[in-house]
Amino acid sequence: MAVELINQLSSDFNIAKYKDTYSDKLLKLIKAKSKGKKIKQPEMRVVHSRSRDLKEQIKSKLAPF
């Protein structure tokens, strides 16, 4: 039964469906920077937790569910 389900949900992999957007964006940033433009850096948010234990952090996030 499991094999049948896998076969139903499986299909041939088509690489044409996917596009490498990371390289495109990186190349645009490099070209802009080479022309002397200022690049806005994304803001990073620091998140503090009470527990350093990863398992406890995951449990606390899943608690409402």
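Author: Start with a definition. A patch is made of residues with over 30% relative accessible area and no salt bridge, and nonpolar side chains are joined within 5 Å. The model is predicted.

With that rule, Phe-13, Ile-15 and Tyr-18 make a nonpolar surface patch of about 410 Å². Where does Ile-15 sit? Its place is in the loop between α1 (2-9) and α2 (21-34).

Take exposure next. The cut-off for exposed is over 50% relative accessible area. Phe-13 has 64%, so Phe-13 is exposed. Ile-15 has 59%, so Ile-15 is exposed too. Tyr-18 has 55%, and therefore counts as exposed.

Now the rings. The count of aromatic pairs comes to one. Phe-13 and Tyr-18 form that pair. Their centres are 5.6 Å apart, with 15° between the planes. Planes under 30 degrees apart count as stacked, and the pair of Phe-13 and Tyr-18 is stacked. Both residues belong to the nonpolar patch as well.

Move on to Lys-19. Lys-19 forms a salt bridge with Asp-24. The closest N and O atoms are 3.1 Å apart. The limit for such a bridge is 4 Å. The count of salt bridges comes to one. How exposed are the partners? Lys-19 has a relative accessible area of 65%, so Lys-19 is exposed. Asp-24 is at 34%, so Asp-24 counts as partly exposed.

Asp-20 caps the N-terminal end of α2. A side-chain oxygen of Asp-20 lies 3.4 Å from the backbone nitrogen of Tyr-22.

Then α2 itself. The helix has 14 residues. The expected span is 1.5 Å times one less than the number of residues, so α2 should span 20 Å. The end C-alpha atoms of α2 are 20 Å apart, which agrees.

What follows the helix? Just after α2, Gly-36 takes a positive phi of about 90°. Ile-39 is found in the loop between α2 and α3 (54-62). Ile-39 is at 32% relative accessibility, so Ile-39 counts as partly exposed. Leu-29 and Ile-39 are ten residues apart along the chain. Their C-alpha atoms are separated by 7.4 Å.

Methods:
Residues numbered from 1 in each chain as written. Predicted model: local features only at pLDDT ≥ 70, side-chain atom pairs only at ≥ 80, totals over all residues. Heavy atoms only, no water. Patch = residues over 30% accessible without salt bridge, like charges linked within 9 Å, V, L, I, M, F, W, Y side chains within 5 Å. Areas by Shrake-Rupley, 256 points an atom, 1.4 Å probe, with all protein chains shown as cover. Salt bridge = Lys/Arg side-chain N within 4 Å of Asp/Glu carboxyl O. Helix = DSSP H or I, 4+ residues; strand = E, 2+ residues; numbered from the N terminus. Buried < 20%, exposed > 50% of the residue type's maximum accessible area, 1.4 Å probe, protein only. Polar contact = N/O pair within 3.5 Å; in protein donor to acceptor, adjacent residues only side chain to side chain. Phe/Tyr/Trp six-rings, centres within 6.5 Å; stacked < 30°, edge-to-face > 60°.
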